[in-house]
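Colleague: I have a structure to go through with you. Could you take my questions one at a time?

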Amino acid sequence: MFVRNAWYVAAAIAEIDKPLARTILNEPIVLFKSRRGEICALEDRCCHRGAPLALGDPTETGIRCGYHGMEFNREGVCTFIPGQTIIPKRARVKSYPAVAKTDYVWIWMGQADKADPATIADYPPDDQVNWPRAYDMLHLKASYVMVLENLMDLSHLSYLHKGSIGSSEEDSAKASMDVQRTPGGMKFLRIMRDADAPKNWLKRYKTKAKIDRWSEFEYVAPSIILQYSGGVNAGEYDAGVREGGHLVRTIHAITPETEKSCFYFFNKADGYSKFESPDTVRTWASTTDVFKEDAFMLEQQQLRLENFDTDKLMDINTDVARVQMMRALKERLRQEQELAQAS
Amino acid sequence: MFVRNAWYVAAAIAEIDKPLARTILNEPIVLFKSRRGEICALEDRCCHRGAPLALGDPTETGIRCGYHGMEFNREGVCTFIPGQTIIPKRARVKSYPAVAKTDYVWIWMGQADKADPATIADYPPDDQVNWPRAYDMLHLKASYVMVLENLMDLSHLSYLHKGSIGSSEEDSAKASMDVQRTPGGMKFLRIMRDADAPKNWLKRYKTKAKIDRWSEFEYVAPSIILQYSGGVNAGEYDAGVREGGHLVRTIHAITPETEKSCFYFFNKADGYSKFESPDTVRTWASTTDVFKEDAFMLEQQQLRLENFDTDKLMDINTDVARVQMMRALKERLRQEQELAQAS
Amino acid sequence: MFVRNAWYVAAAIAEIDKPLARTILNEPIVLFKSRRGEICALEDRCCHRGAPLALGDPTETGIRCGYHGMEFNREGVCTFIPGQTIIPKRARVKSYPAVAKTDYVWIWMGQADKADPATIADYPPDDQVNWPRAYDMLHLKASYVMVLENLMDLSHLSYLHKGSIGSSEEDSAKASMDVQRTPGGMKFLRIMRDADAPKNWLKRYKTKAKIDRWSEFEYVAPSIILQYSGGVNAGEYDAGVREGGHLVRTIHAITPETEKSCFYFFNKADGYSKFESPDTVRTWASTTDVFKEDAFMLEQQQLRLENFDTDKLMDINTDVARVQMMRALKERLRQEQELAQAS
C-alpha cells in the first residue's frame, strides 16, 4: 500500500522536453508540457485501444495519441476523435494534478480536491535559493522504504562510504543524536565534534585539521527528506558558525515506482560555492558516485528480503531515527486508510 | 484460447535448412526437412528424456535426437532406439500436418483428419504469381490479436506512419469505407480519392500529383489477412485503372507463439515492378521498417493492457472493420469450442 | 525437496579469496576465510537490516557487515554492534559446517551434529593424489538431477559429443555394462573393447590403432560422481593394463542452487601426464568445452520439461545405470524425510 494523498517528485522538468512515460505507484503515467507550456500528467493509456500516450505528440492544450489520433487535454478529457464529431463523455483518461517547483514536476496521486501545491516541500529555503544546485536521479530495484531507512541511519557512512564521505568508526561512535517528531514526520540532528574530515571533503577543502560535522535531516512523510549539513573548524559549531567549509542543502525525494522499485531524486544546493563567480562555480559532482554505493547495497538488500520474514530482523541503538521515521510513515499510511474507508 | 483447426504459417521455407525450434500456440515444435526432402513438424521434445529434437540431425525419413540417438519419422513414430531392437508403441512424439506453399511452411495445429491443404489461403492469385516478391518476419511481444486489429484500422497510418506510408489526416478523414462479412471472415474496401501520395511513395514514383489510393483487405479467420492495394492518378480508380503506380498484393500471416507473443510474417508481391527486367527489379525494401513502427507501438500497447480490464476501452467510428474482424474471430473461436465439446 | 544431510561442494577454495555470495539449496550463503584463515559459511543476510554479508569484510574471527558494521564470528554469533555494548542473544545469523578438502570448500546443509568431514568423498585416492589436476565449474540453468542423469547414461557420448569424446555409434552398441548398487549409491563399469579412439583422444595420444576404452563411475548420493576411466591398446584391458593412454580420475560434484539451477564442479586428475616433468605438464584443457556441449543440451532440456508431465517420458535399455541412480537418490530422499519426521 502507498500513501496516495501526497506530492511526489515525478520527474525533473528537464526530462519532459518530450513526453515521458513513467510508472508511479504502479500506475502508468505520461508527463509532458502542452505546446502552450502547461505541465500535464495523464494516464499513459489511450481510452481507445490502450496505446501509450507518451508515444504521441503534445498539442496546444494537451496531447494527441500517436496510434489513431485521439486528442486529450490536461484534464484527460478527449477533445478530438478522427472521423467523428460527437465525443462521448466516457472518452477520457485519468488526469493527475501536477505542478512545477524547484527543478521538478510534482505529482499528486490521490484525491484531486485535496491537492494543495502550497504543501509541497520548500526547497531550498528563501535565503539559500541562489546557492548553485546540482541534481541527478537513480532508478533503483529496491523499495522506496529502504532508501528512506538508509538516509535515516547515518551510521552506515562509516562502513558503506568509508572511502568517500564516511567519518571514521571512532568519530561515528561519539556522534550526538537528537531525534524529534514533527507534525509531518520527524527530524534529527547528529553532530560529531572534533572529528576528522571524510576523504571526499579533504579533496576539496584542503584541510587535515579537526572539524565539527553536523547533519540536520527532516523527514516529511511519505517520501521527502530535507537535509542541511556541513562541517566547520573544530569548536566553531557550538559558536554558531556554519559557513566556510562543506555546506549543503539537499532534498531527497524517493518516489515509488512499484513495491520493489523506486526513483531516487536528489538535488544539492552548495553553500560552499555561493560566493564564487558564476563563471567558475563548479558544484561538486561526486554525489551520484556516493549514492551509487547505496544503490548497489539497497538492490542486494531487496533481494535478500524477498520471501523473508522481516520480523526476524532486529533493531540496534543506532536505529533510533530510522525507528521514528517508520512510525511516522506507518501513521501516515494509517491516516490514508481511514480516509479511504470514510469516503 | 486459440483456434487450433486452422493453417498457420510456421516458418519461411528458407528458415528450415537446419532444424528450427519454434513455439506455436504454446507448443514446442521442431520444423525441418528430412534428407529425402519432406517437410516435417514434430513435437520438439524427445519422448526419452525430453531433449529438443531441434538439436538433432535430419535422417532419410525424419530426425535423430542429438542427445541419445533415438530416431523418429515424420509421423512422430520412433524408428530406431540405440542398444535395443524392440521399439515400444509408446515410443513416439506428436506430429503435425505441415505443407509447403508460396515461400512458407504451413502447419495445422488441430485434428489431423480435418487438415485439408486446399483450404490454405491462395496467395498470390494465379494472374499475379509472377510479380516479384519480398518477405520478412517480426517476432513480437504482443498478442496476435493486436496485430490483426492494427491491420483492420488503417486510420492509424496517418499517425503512426505519418512519416512513411500515411496519408494526411485530411485525406484520411474523407476515405470511403465499405465493410462486408465473408464466409471465412470479413473484408473491407477503403478508398481515398484525389489525395496526396504518402512520403514513401513520393520517393519511388516521382510524382506530386493527386492520386486515388485504395486498399482491399480480406480477413481469413483466425490469422490471415490478404491485402490488395495501390494508387493511380486521381480519377483513374473509378475508371477501372489499377496499374502504373504503387500496386501490391500482400499476405499478412500472424501466428501466435503464446497469448502475449506472435510471429508476424508478411510477404509482398510488387505489381509496379512486374514489367521490369529480372536483372533490374528491386522490390521495395522499406516494408519492414514501416512495420517496425507498428511493432514498437504494439509491444508498448501490450504492456499497457496487461492487468487492465479491456472492457474499459471504447470503440470509435473508424473501428468499423476492426469490430467486424473481432466478431468473425470470436465466431470462429465459438465454433472451435463446439467442435471440442462434441468430440 | 533436497537432501540436506550431505556434504556439497560450495566453491573452489580459490573462489573465496574475497567473500563469495552463493545460493545453495535455495539459501543465500556467504563463503569466506576469516583473517586468521578459517573457512566460514554463514547466512548471507545480516540480522540487522538484511544486507548481504558478502558485501562486507572478513575480520580476525569472522566478517563485518558492510552496511552498518555489525560483526559475526564463524558460528554466526554477533561479536560487535557499533554504538552499543550489550549484544542480545538473538543477534546472530545461521552458520553452516564448512571444511576445505581437495581444492574445494565443502558445506553441510543439514543438522550440524551429523556433519562428519570423514564422510566427504575421497578424491583423488592416495595413490593418485599427485597426478596433475585441472578443474572448472559451469553454472547451469538446469536441475542438478539432469546433470546426474547425463553422467549416468554414457550412450549420449556417441551423439552429443560425437565430434569430441564420443566413440562411434557402432562401438557404443557393443559396450558391456555392469551396474551394481553400493551402500552410498551405485556404480557401473562400461567397457568397449577393440574400439576406435574418439576424436579428442586422437589429437593427444597420436594413435589410430584400436583401443580398449573403459569407464568406472561411482555415484555417491545425493550429488557426487567419482569417475575412473581411460583407454589402452586393444587387448590390454583384460590383461590388467590401465596406463599409457588416456587415464583420468574425475570428481563431478553437482550442487543445487535452486530446483532449476545448479553449479556443476568437475576436477580431473590426469594419469597420462603423471610422469612428465612438472615444468612441461599441460593438463588437458578441453574438458570444459566438452561439458559446455552438455550444458547447452541440459538447459534446453530443462525448458522442454517445465510444465510437462515427466511421467510421459520413457526409459530405454541404455538407461540401466540412470534408473539405478534415480532409485539410489530417491532412497536417500526418503531417508531424509524419515529423519525429518523423527526429529
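Modeller: Gladly. Two residues are in contact if their C-beta atoms, placed from the backbone, lie within 7 Å. Keep in mind that this is a predicted model.

Colleague: How many residues of chain A are in contact with chain C?

Modeller: Apply that 7 Å cut-off between C-beta atoms. On the chain C side, 21 residues take part. On the chain A side, the number is 19.

Colleague: Which helix of chain A gives the largest share of the side that touches chain C?

Modeller: Helix 2 (157-160), helix 3 (169-173) and helix 5 (287-305) of chain A each supply at least two residues of that side. The largest share is 5 residues. Those come from helix 5 of chain A.

Colleague: By class, how many residues of the side of chain A that touches chain C are nonpolar?

Modeller: That side has 3 charged residues and 7 polar ones. The nonpolar residues number 9.

Colleague: What rotation axis relates chain A and chain B?

Modeller: Chain B can be laid on chain A with an RMSD of 0.0 Å. This takes a turn of 120° and a shift of 0.1 Å along the axis. The two copies are therefore related as by a rotation axis that is three-fold.

Technical notes
Residues are numbered from 1 along each chain as its sequence is written. Chains are lettered from A and ligands numbered from 1 in the order in which they are written. This is a predicted model: local features need pLDDT of at least 70, side-chain atom pairs count only at pLDDT 80 or more; totals for chains, interfaces and linings use all residues. Copies are superposed by least squares on the C-alpha atoms of residues with pLDDT of at least 70 in both. Helices (H or I, at least four residues) and strands (E, at least two) are DSSP runs, numbered from the N terminus. Ala, Val, Leu, Ile, Met, Phe, Trp, Tyr, Cys and Pro count as nonpolar, Asp, Glu, Lys and Arg as charged, and the others, Gly among them, as polar.
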